[in-house]
Amino acid sequence: MASPETLTETSDAARTLHRVFGYDSFRGGQQEIIEHVVAGGDALVLMPTGGGKSLCYQIPALVRKGVGVVVSPLIALMQDQVDALRDLGVRAGFLNSTQDFDERRLVEQEFLAGELDLLYLAPERLRVESTLNLLDRGTIALFAIDEAHCVSQWGHDFRPDYLGLSELHERWPDVPRIALTATATKATHAEIATRLNLKDAKHFVASFDRPNIQYRIEPKNEPKKQLLELLRTEHKGDAGIVYCLSRASVEKTAEFLTANGITALPYHAGLDARTRAEHQARFLREEGLVVVATIAFGMGIDKPDVRFVAHLDLPKSVEGYYQETGRAGRDGLPSTAWLAYGLQDVVQQRKMIDTSEGDDAHRRRLATHLDAMLALCETVECRRVQLLAYFGQESTPCGNCDTCLTPPESWDGTVPAQKLLSAVFRLQRERRQKFGAGQIIDILLGKKTSKVIQHDHDSLTVFGIGTELTEPEWRGVVRQLLAQRLIGVEGDYGTLVLTDASAGVLRKEREVRLRREPERVAKARAAKAARPAPVELSAEAAPVFERLRAWRAAQAKEQGVPPYVIFHDKTLRQIATESPKTLAELGTVSGVGESKLAKYGQQILDTLGGQGS
Ligand code: ADP
Ligand code: ZN
């Protein structure tokens, strides 16, 4: 039974949701989390990107007495976050190293005068005694610890600062703490609870499904061309992120896209800080821009309308893949997560693990992570089911991933596997030689290349025994045997070697199931890819939406904020579709709160060509 007190607090929360944010109802676990924190409880929240974590601390901060102190490592984004809140009529400020003394002083004064609802802090600020003293002199509504996975050993550069946060509780025992992360693995979850001293906190674990993201993993043939095809056919004019492993391929891919008429900016650790900041800012502020980046890019980027995330290289782990793809579609509109993956990826990553620093246990962990990622790539089952299972969540086939849309077949690849392994075996045994996949495949196909002749490989008994498959098909076989660890790879040249498990195949003791060869799947899929975008605007609404977008772009430019800070696409779409005639009608659109209605309502009605009331 809820006490009368909680009831009013609950409706305070609901009222704030409606009045400030312009939303009708809470999503997922939001209500429960908010009630818990409003009532003074500690919380540990695991919710996917785009799930709506911010409201979980912003609303309690508004409802409770005092200032909500938000710890976030993403200082480059604080200004935007604060601008967005101010546009909603929320009194927000931040303290970080980008400010000069006067700017900091001003925020500190606002804090002490009780003129702030939310104060964003970089974690290192809390290791400075003067900041702690400042907080002592004000009233704190709650501590929100964003990106809480930063405390984990797999976390990041911010770890030492985050570990210090465990002391918040000792200094302010009565102030509720809410830690939030989009990292879902059990290990990280447990580590956050321990390190942040949140053992007694209530844990809220949301579903990690992102139903609006379509997962697709495609064999890598000519990756840049495949990418261009995807952008041209399905994501014209859309904002997106392309991930590459190396700085060099980041640069090359960005150049390639730009040369083909798609504005693409590189982002990697080799660029100076100013260029990086500038490219990030342009990505946030301009519409339809593509960033080509190493994984250094994207944490905390809360741009809601990223329509696609493309990987040109294999991510090192399922966690990484999930985090990176999760940056697509935070606004809930249909988005694509696309990955091109090939034999070379497996060879390269295995090599990186072999030569990585650290002890054997560390290398084994890296190998386990890679294996899970490979299993996701090679699965013939629903990608989403497998992805969610990795995070311990059960689900049923989704209908919105490549394997659901174009079910791949599996086939009995035992005989080809035996042929391939025996070619490797013969070379190793009879010639004391090791070669990479290219030469082995040439031998199986009976190709008399100069390298084959030079090494007298055409006299091997296995020469020409594999003509039933094409070269790309053989590469698919090698890739999958590598993924299943039925063959190994070593050295700088990626030479193939037998593993303990190879013997079982050679001795015909085990069957090898393989995914139907890539090319055919790719063709089958191309036919489906032509499907129209699921949320087309009507013929009348489309030009209205464009007018609203133009209005928004002008506003954003004038204020120096990203367009989505003014209104999300989703809100503009709804306005274009419903075509409200009065301010009161406009106020019912999701995403139009009191402050925005007052500020922009009339301009929107004018843009729509209607009469304001
Ligand atoms: P996260 O931090 O978990 O990635 P955000 O807090 O940025 O997610 O929220 C994702 C998007 O969903 C934002 O655009 C936010 O405004 C919107 N949103 C959050 N909660 C609601 C809600 N209850 N109703 C409608 N939209 C919501
Ligand atoms: Zn599926």
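Which backbone oxygen lies 3.2 Å from a polar atom of the side chain of Thr325? The views below come from a predicted model, and the first of them takes up this question.

**View 1. Thr325 in helix H13.** The backbone oxygen is that of Tyr322. It sits 3.2 Å from a polar side-chain atom of Thr325. Thr325 belongs to helix H13, which covers residues 318-325. The residue is buried, and its relative accessible area is 1%.

**View 2. Polar contacts of ligand 1.** Tyr23 has a side-chain N or O atom 2.6 Å from an oxygen atom of ligand 1. Arg330 places a polar side-chain atom 2.6 Å from a ligand oxygen. Gly51 uses its backbone: an N or O atom there is 3.4 Å from an oxygen atom of ligand 1. On its own, ligand 1 has 560 Å² of accessible area, and the protein covers 85% of that.

**View 3. The shell around ligand 1.** The shell holds 15 residues. Those that come nearest are Tyr23, Gly50, Ser54, Arg330 and His568. By class, the shell residues are four nonpolar, eight polar and three charged. Helix H3, residues 53-63, gives the most to this shell, with three residues.

**View 4. Gly29 and Gly52.** Gly29 lies in the loop that runs between helix H1 (4-21) and helix H2 (30-38). This glycine is partly exposed, at 26% relative accessible area. Gly29 and Gly52 are separated by 23 residues in sequence. In space, their C-alpha atoms are 9.3 Å apart.

**View 5. Helix H10.** This helix spans residues 223-234, with 12 residues. From first C-alpha to last, H10 reaches 16 Å. That is close to the 16 Å expected at 1.5 Å a residue.

**View 6. Cysteines without a disulfide.** The disulfide count is zero. Cys150 is in no disulfide, and the nearest cysteine sulfur, in Cys56, is 18 Å away. Cys150 is buried, with 0% relative accessible area.

**View 7. Arg485, a positive phi.** Most residues other than glycine have a negative phi. Arg485 is not a glycine, yet its phi is positive, at about 60°. The residue is in the loop between helix H21 (471-483) and strand E15 (488-490). Is Arg485 buried or partly exposed? Arg485 counts as partly exposed, with 33% relative accessibility.

**View 8. Lys508, a positive phi.** Lys508 has a positive phi of about 60°, and it is not a glycine. Where is Lys508 placed? Its loop runs between helix H22 (500-506) and strand E17 (513-515). Lys508 is exposed, at 64% relative accessible area.

How values were computed
Residues are numbered from 1 along each chain as its sequence is written. Chains are lettered from A and ligands numbered from 1 in the order in which they are written. This is a predicted model: local features need pLDDT of at least 70, side-chain atom pairs count only at pLDDT 80 or more; totals for chains, interfaces and linings use all residues. Side-chain values use heavy atoms; hydrogens and water are left out. Helices (H or I, at least four residues) and strands (E, at least two) are DSSP runs, numbered from the N terminus. The expected span of a helix is 1.5 Å times one less than its number of residues. A residue is near a molecule or strand if one of its heavy atoms lies within 4 Å of it. A polar contact is a pair of N or O atoms within 3.5 Å; within protein, one must be able to donate a hydrogen and the other to accept it, and residues adjacent in sequence count only if both atoms are side-chain atoms. Accessible areas come from the Shrake-Rupley method with a 1.4 Å probe; for residues, only the protein chains shown count as cover. Ala, Val, Leu, Ile, Met, Phe, Trp, Tyr, Cys and Pro count as nonpolar, Asp, Glu, Lys and Arg as charged, and the others, Gly among them, as polar. A disulfide is a pair of cysteine sulfur atoms within 2.5 Å. Buried means under 20% relative accessible area, exposed over 50%, partly exposed in between (1.4 Å probe, protein chains only).
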